[in-house]
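Hello,

Here is the structure I promised you. Please open it and keep it beside this email as you read.

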Amino acid sequence: MSISAIVPLKALRRSKQRLATHVSADERRALMADLFTHVLRTCADTPEISSVLAVVGDAAGEALARDVGLPSMREPGGGLNAALRHGTAHAGGDASLVVVADLPQLSVTDLRAVVAAAGTHPCVVVAATHDGGTAALLRRPRAVIPPAFGTASAWAHLDAAQRAGLRAVLLSSPGLTHDLDRPGDLDRYPGGGSDRTTL
């Protein structure tokens, strides 16, 4: 099974607005750049992933992907799910693996767990965040259900898979459980190891 990872990043200047009361605009941009780079590198280091495509909102995102040695494309507008549909159409592969860009504790082990859960038959694997969002979404075939990122998206993806008659797997893995989205998340990540961002 060839797997294409897709990592989306909105324009850096618009990233992490929910942190605005605690983190300056420059700090938010630097934080998101570090998180994005960490996720890209982790995807690239995962043996089961055949290719990685960044779908970005601006030239800064393109530069970050280029610095890691990975291809990127501009999002078409219309929000995250439109960007992911666009990326999925261009990524190729038998399966697609969407990985969100704000996972400070993501490891190769986490991504290998997602791939292992997929098996060899058509399926959807959802790695849920602690608040019901989706940290990673594996689809085989790669566009078998549309992306539905947003509030309670883990359940939306599982429901779409079941309605399509597919095997649906809900996965919990340490580095996929907590994204960095709200001020309270900053307290959860006072620092990181040598292979991840220091927050």
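This is a predicted model: local features need pLDDT of at least 70, side-chain atom pairs count only at pLDDT 80 or more; totals for chains, interfaces and linings use all residues.

First, a definition: helices (H or I, at least four residues) and strands (E, at least two) are DSSP runs, numbered from the N terminus.

**The overall picture**

The protein has seven helices and seven strands. Along the sequence they come in the pattern β-α-β-α-β-α-β-α-β-β-α-β-α-α. Of the 199 residues, 51% are buried. The accessible surface is about 8600 Å². Carbon and sulfur atoms account for 50% of that surface. Now take the contacts between residues at least 6 apart in sequence: 65% of them join residues at least 24 apart.

**The sheet**

In what order do the strands lie in the sheet? The order is β3-β2-β1-β4-β6-β5-β7. The sheet is open, and its pairing is mixed. Its edge strands are β3 (72-74) and β7 (167-171), and each of these pairs on one side only. From one strand to the next, the twist averages 20°.

Look at β4, residues 95-99. Which strands pair with β4, and in which sense? Strand β1 (residues 3-9) pairs with β4 in the parallel sense, over four bridges. There, Ile 6 has Val 98 as its bridge partner in β4. Strand β6 (residues 134-140) pairs with β4 in the antiparallel sense, also over four bridges. There, Leu 97 has Leu 138 as its bridge partner in β6.

β4 is mostly covered, with five of its five residues buried. Both of its faces are covered. Ala 95, Leu 97 and Val 99 are buried on one side. Ser 96 and Val 98 are buried on the other. Helix α1 (residues 25-45) lies across β1, β2 (51-56) and β4. α1 runs at about 180° to β1.

**Helix α4: two sides**

Next, go to α4, residues 108-118. Its buried residues are Asp 110, Leu 111, Val 114, Val 115, Ala 117 and Ala 118. Why do they share a side of α4? They cover an arc of only 160° around the axis, so they fall on the same side of the helix. After α4 comes Gly 119, with a positive phi near 65°.

**Thr 88**

Thr 88 belongs to helix α3, residues 80-91. Is Thr 88 buried or exposed? Its relative accessible area is 4%. Buried means under 20%, so Thr 88 counts as buried. Leave out residues up to four places away in sequence, and Thr 88 touches Ile 6, Ser 96, Arg 139, Arg 142 and Ala 143. One of these gives a polar contact: the side chains of Thr 88 and Arg 139 meet at 2.8 Å.

**Thr 129**

Thr 129 lies in the loop between β5 (123-128) and β6. Its relative accessibility is 6%, so Thr 129 counts as buried too. The side chain of Thr 129 makes a polar contact of 2.5 Å with the side chain of Asp 131. Beyond residues up to four places away in sequence, Thr 129 touches Thr 134, Ala 135, Leu 176, Thr 177 and Asp 179. What is the C-alpha to C-alpha distance from Thr 129 to Ser 173? The distance is 9.1 Å, and the two residues are 44 apart in sequence.

**Back to Gln 105**

How exposed is Gln 105? Its relative accessibility is 29%. That falls between 20% and 50%, so Gln 105 counts as partly exposed. Now find Gly 175, which is 70 residues from Gln 105 along the chain. The C-alpha atoms of Gln 105 and Gly 175 are separated by 4.6 Å.

Best wishes

Key: Residues are numbered from 1 along each chain as its sequence is written. Side-chain values use heavy atoms; hydrogens and water are left out. Buried means under 20% relative accessible area, exposed over 50%, partly exposed in between (1.4 Å probe, protein chains only). Two strands pair if DSSP finds at least two bridges between them. The arc is that of the directions from the helix axis to the C-beta atoms. A polar contact is a pair of N or O atoms within 3.5 Å; within protein, one must be able to donate a hydrogen and the other to accept it, and residues adjacent in sequence count only if both atoms are side-chain atoms. Contact means heavy atoms within 4.5 Å. Axes are lines fitted to C-alpha atoms, for helices over the stretch in contact, and angles run from 0 to 180 degrees between N-to-C directions. Accessible areas come from the Shrake-Rupley method with a 1.4 Å probe; for residues, only the protein chains shown count as cover.
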